[in-house]
Amino acid sequence: MVGFEIRQAVEELVYRSCMMLDDKDWKGFLALCGEEFRYTIAAHSPEIRRDMVWLDHDRKGMDTLFANLPRHNSDHSPITRHATVYTVDADTAGREATAVSALQVFRTQLDGGASELFAVGRMTDTIRLDGAASRLLRRVVRLDTRLIGYGYHVPF
Amino acid sequence: MSKNAQQWQQTPALPQTHYVDSRIYTDQLLFEEEKEKLFKPSWIIACHESELEAAFDYRLFTHPTGVPLIIVRGDDMKVRAFYNICPHRGNTILYDPAGNAKRMTCIFHQWSFDSRGNCIDISRADQGYQKRFCKEDAGMREVNCETAYGGFVWVNLVDDCQPLKEFVGGALDILAPFISEPLEVFHFHKAHVRTNFKLWHDTNSEFYHDFLHYFNRITGMMQPGYFDRKYTGFPNGHASVGSMEIKYDKYEGSKSRAVGWPGLATGGWYMVDIFPGMTYNLRTSVLRIDTVVPLGPNEVIIEFRGLGLKRDTAEERRERVFDHNMIWGPFGRNLHEDLLGVHGQGRAMRPGTDSRWIIQGREENSTIHDEVGMRHFYAEWSRRMGRPAFDPYGEGKPAPVRAAA
Ligand code: FES
Ligand SMILES: [Fe+2]
């Protein structure tokens, strides 16, 4: 079990990252990530009985993705991430931590504002620990939900 | 000039083959007829052989007519298809979408079936039936099943159906050199969209909507050769589109394409639409297959598969997965746009919205922005339905056709 300060730094980072993405503050999100950051969305298909990767970008790939988003036609309904940090483990030197969080994603229609559950999954973050300067090094979102209608351009 | 109610009703000043009545996308009765006349007699792709590698591997598939099917590889390694309906009291036999079942046992009263569809056990048979009814009377319903054209498992519900070869005709010849070696599915997902299944097939049958895709505008449309690609129509409503080079490097973030596809020029692209709702799409390093499973006139499930070569190294596969995700993944650039497109059509075309005519009138010598692919589909639709798509209820007084300038 990690100490209170590590836990707090990790939770802050995970929750801030969700808020930045919810707010479409791509710069703010990337500022929370280290240079070696990598974002992966994975899912298991019981239909073909295989693990699948649905998105896999390094830091540069994320830059490009965010830069290109305004040029594409996308669904404009906002999404809201609800993360709950379940476990935090750190190496003995207290330099790196792994946080496992439950993730729920809701989508809210622009017209009328109805919200619906969009996806659920589990998020595993690797974090370089440095107090308030802690950074995300790796995020792997394993989605349980695989039916996401007409999809989305922004990763969650 | 905008139109008043009466003008809005008037047919477009185009030949009748060049537009359809939008009620063919919303009418419940026509939809029931489509299941009977289009989907039932057609060969439908249920899954891929790589999803059933070992003996007794099975895969469930809901046929577009609604019939639940089990596709299973037998003890003799032959792939067969059966109704997933117990001949006893109509229960579901297998529940999981895929698995391995040496014997398929219905959970309800434990009747068991082998991989060839024979009933091999009726619990307490003699006590209850006293030989009036026996295992031999309780076989599963088998449907026609063939593995072909890239290792896909095709099914047909009609006993004396047209042979698969005859149904496909020459439509997949263009892809034959690329799908002769064993392939493997690495991606599967479904999309549930409130739209008509034909609208998805239409999107797969016209490239004029490349204007929807920033990616395609940049990597394709602005490149030399783009407008040279041609549609070819085939009997039974199928159509293909020939190759072009895609300049991936024009889209920032697309690294240079190394893995490719054997025999396919770098940046090559082939598409074949199989009537009434399947598409082969081979682009650069990935084969994508779409299968529509309509749930109603305004509701469809589309099954998406991504395939590579069975012999791929881990590195090659990673690259194919990356290429696939970039464009066609659930978070990919184009798939979301295409789905958003047909979602928007479904939203505008509901009973009562007073949508009226769908114009498919572009003529460009069958090249890429010609709408001949859709016209070819609706010619077959009209033939099979015994109703013209431009006037499905026989009401029409078409407007005079305007000649080309
Ligand atoms: S319904 Fe299947 S065994 Fe009775
Ligand atoms: Fe498209």
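This is a predicted model: local features need pLDDT of at least 70, side-chain atom pairs count only at pLDDT 80 or more; totals for chains, interfaces and linings use all residues.
**Exercise 1. How many salt bridges are there between chain B and chain A?**

Step 1: Start with the rule: a salt bridge is a side-chain nitrogen of Lys or Arg within 4 Å of a carboxyl oxygen of Asp or Glu.

Step 2: Apply that rule between chain B and chain A, and you get two salt bridges. Glu184(B) makes one with Arg50(A), and their closest N and O atoms are 3.7 Å apart.

Residues are numbered from 1 along each chain as its sequence is written, chains are lettered from A and ligands numbered from 1 in the order in which they are written, and side-chain values use heavy atoms, leaving out hydrogens and water.

**Exercise 2. Describe the contact between chain B and chain A.**

Step 1: Contact means heavy atoms within 4.5 Å. By that rule, 37 residues of chain B touch 33 residues of chain A.

Step 2: Now look at buried area (the accessible area, with a 1.4 Å probe, that two parts lose on being put together, summed over both). Here that's about 3100 Å², with carbon and sulfur atoms giving 58%. On the chain B side, Phe331(B), Arg333(B) and His336(B) lose the most area to chain A, together 25% of what that side buries.

**Exercise 3. Work out the strand order of the open sheet in chain A and find its edge strands.**

Step 1: Strands (E, at least two residues) and helices (H or I, at least four) are DSSP runs, numbered from the N terminus. Two strands pair if DSSP finds at least two bridges between them.

Step 2: Follow the pairing through the six strands of chain A and you get β2-β1-β6-β5-β4-β3, with mixed pairing. The edges are β2 (50-58) and β3 (79-90) of chain A, since each pairs on one side only.

Step 3: Zoom in on one pair: β1 (residues 33-45) of chain A runs antiparallel to β2(A), over eight bridges. In β2(A), Asp51(A) is the bridge partner of His44(A).

**Exercise 4. Which helix of chain A lies across β1 and β2 of chain A, and at what angle to β2(A)?**

Step 1: Axes are lines fitted to C-alpha atoms (for helices, over the stretch in contact), and angles run from 0 to 180 degrees between N-to-C directions.

Step 2: The helix is α3 (residues 59-68) of chain A, running at about 80° to β2(A).
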